[in-house]
Amino acid sequence: MGKGVALATKRFLIVTGKGGVGKTTVCAAEALALAAKGKRVLIAMCNAKERLSSMLGSELIGPDVKSVAPNVWAVNMEPEQALAEYGMMALHSKTLFKLLFDNKYVRKFFRAVPGMQEWTLLGKAWWHTTETRDDGSFKYDVVILDAPATGHGLDMLRVPKIILDVVPPGLLRRDAERAWKMFQDPETCAVVLVTLPEEMPTTETIELAKALREELRLPIGKIVVNGVLPPLFSKAERAALEGTEPVTGDTPADAALAAARSRATRERVQAESLLRLSEELPISPSFLPQLFEDAAQPSAIRDLAKRMV
Ligand SMILES: Nc1ncnc2c1ncn2[C@@H]1O[C@H](COP(=O)(O)OP(=O)(O)OP(=O)(O)O)[C@@H](O)[C@H]1O
Ligand SMILES: [Mg+2]
């Protein structure tokens, strides 16, 4: 099993995993860690219920790119606006675009095309990697895509390949080809899988890694196990605690035993999950601790960022 790759040399990071496992938290911490190395970072969210601004202590993040921390920018991409930007670019004319896009049948058509919404978001995130400054250098060294949760995330990543398979040659396909080439290249892109040390997220992560490798052939660069507890008990102590009778009394000693039992169970599940992940995934995971303060605030994100390697 190899180690995770260095993310600082990549241009595009795709952060994905099951719902609620800490994807946005990892995007925020990773962005601060990369910015501290001097990288200009853009975090692109997919029409999310926006929580990143409280994590970074910035103003609310909408569909226009905004500066959220030194060397960090963020955008909450929205399908209609992304499509409008794309259409305008493709047609090289605002008037022509307005003529077409203000037509409700055209809008309806776009909404009905399977994958079009996903592509407008994924395509826009990719397009930000191509943006340049006046001196010709890239506007952002790295774009971090805060991808939708597993399932939806995979659906989104399948779209460029579908476009390559079914769309006739033209601008849309040319961009999809360029984007797909970048995503598949381990030199430029890395998928970051986020999970928790629990049974269901572990199973889903192993399946997701398989789909990424075998079906999509996208490079997995890093696996982050979030919410890891420092073990209090040895394996033997865990077994002893879990072997005790369920607590029925209500003395302080009973309460302490009940708490110890449930902690022992959580630690056992964590140990089993970490073992499964290390056995079944191509690279060894990195860990983020379970914080006992509100993690959606800048001090916590800065703390997590220091642990990102
Ligand atoms: N290591 C941690 N310790 C404590 N709380 C955490 C930790 N990581 C994340 N959280 C909290 O868990 C919640 C979910 O995290 P986050 O929003 O990053 O997940 P997500 O995968 O982006 O969720 P969604 O699928 O809804 O987008 C947030 O309230 C966050 O502050
Ligand atoms: Mg999120």
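## Report on the predicted chain and its sheet

Of the 309 residues of the chain, 36% count as buried, where a buried residue has 20 or more other C-beta atoms within 10 Å of its own, an exposed residue has 12 or fewer, and a partly exposed residue lies in between, with C-beta atoms placed from the backbone. The model is predicted, so that local features need pLDDT of at least 70 and side-chain atom pairs count only at pLDDT 80 or more, while totals for chains, interfaces and linings use all residues. Residues are numbered from 1 along each chain as its sequence is written, and chains are lettered from A and ligands numbered from 1 in the order in which they are written.

The C-alpha trace spans about 75 × 40 × 40 Å along its principal axes. The chain contains 12 helices and 8 strands; these are DSSP runs numbered from the N terminus, helices being H or I with at least four residues and strands E with at least two.

### The sheet

An open sheet is formed by 8 strands in the order β3-β4-β2-β5-β1-β6-β7-β8, with mixed pairing; two strands pair if DSSP finds at least two bridges between them. At the edges stand β3 (66-69) and β8 (286-289), each of which pairs on one side only. From one strand to the next the twist averages 25 degrees, with axes fitted as lines to C-alpha atoms and angles running from 0 to 180 degrees between N-to-C directions. Strands of a sheet pair through backbone hydrogen bonds, either parallel or antiparallel.

| Strands | Sense | Bridges | Bridge partners |
|---|---|---|---|
| β3 and β4 | antiparallel | 3 bridges | Lys-66 and Ala-74 |
| β2 and β5 | parallel | 5 bridges | Met-45 and Asp-146 |

Strands β3 and β4 form a hairpin with 2 residues between them, and Asn-71 in the turn has a positive phi of about 65 degrees.

Strand β4 (residues 72-77) is largely enclosed by the rest of the structure, because 6 of its 6 residues are buried. Val-72, Ala-74 and Asn-76 point one way from β4, whereas Trp-73, Val-75 and Met-77 point the other way.

### Helix α9

Helix α9 (residues 199-216) has 18 residues and reaches 25 Å from its first C-alpha to its last, close to the expected 26 Å, which is 1.5 Å times one less than the number of residues. Its buried residues are Pro-201, Thr-202, Thr-205, Leu-208, Ala-209 and Leu-212. These residues lie on the same side of α9 because they cover an arc of only 125 degrees around the axis, the arc being that of the directions from the helix axis to the C-beta atoms. On the other side of α9, Glu-199, Met-200, Glu-214 and Glu-215 are exposed. Just after α9, Arg-217 takes a positive phi of about 55 degrees.

### The shell around ligand 1

Ligand 1 is surrounded by 16 residues, of which the closest are Lys-23, Thr-24, Thr-25, Leu-291 and Ala-295; a residue is near the ligand if its C-beta atom, placed from the backbone, lies within 6 Å of it. Helix α1 (23-36) and strand β7 (220-228) each supply at least two residues of this shell, and the largest share, 3 residues, comes from α1. By class, the shell has 6 nonpolar, 8 polar and 2 charged residues. Here Ala, Val, Leu, Ile, Met, Phe, Trp, Tyr, Cys and Pro count as nonpolar, Asp, Glu, Lys and Arg as charged, and the others, Gly among them, as polar.
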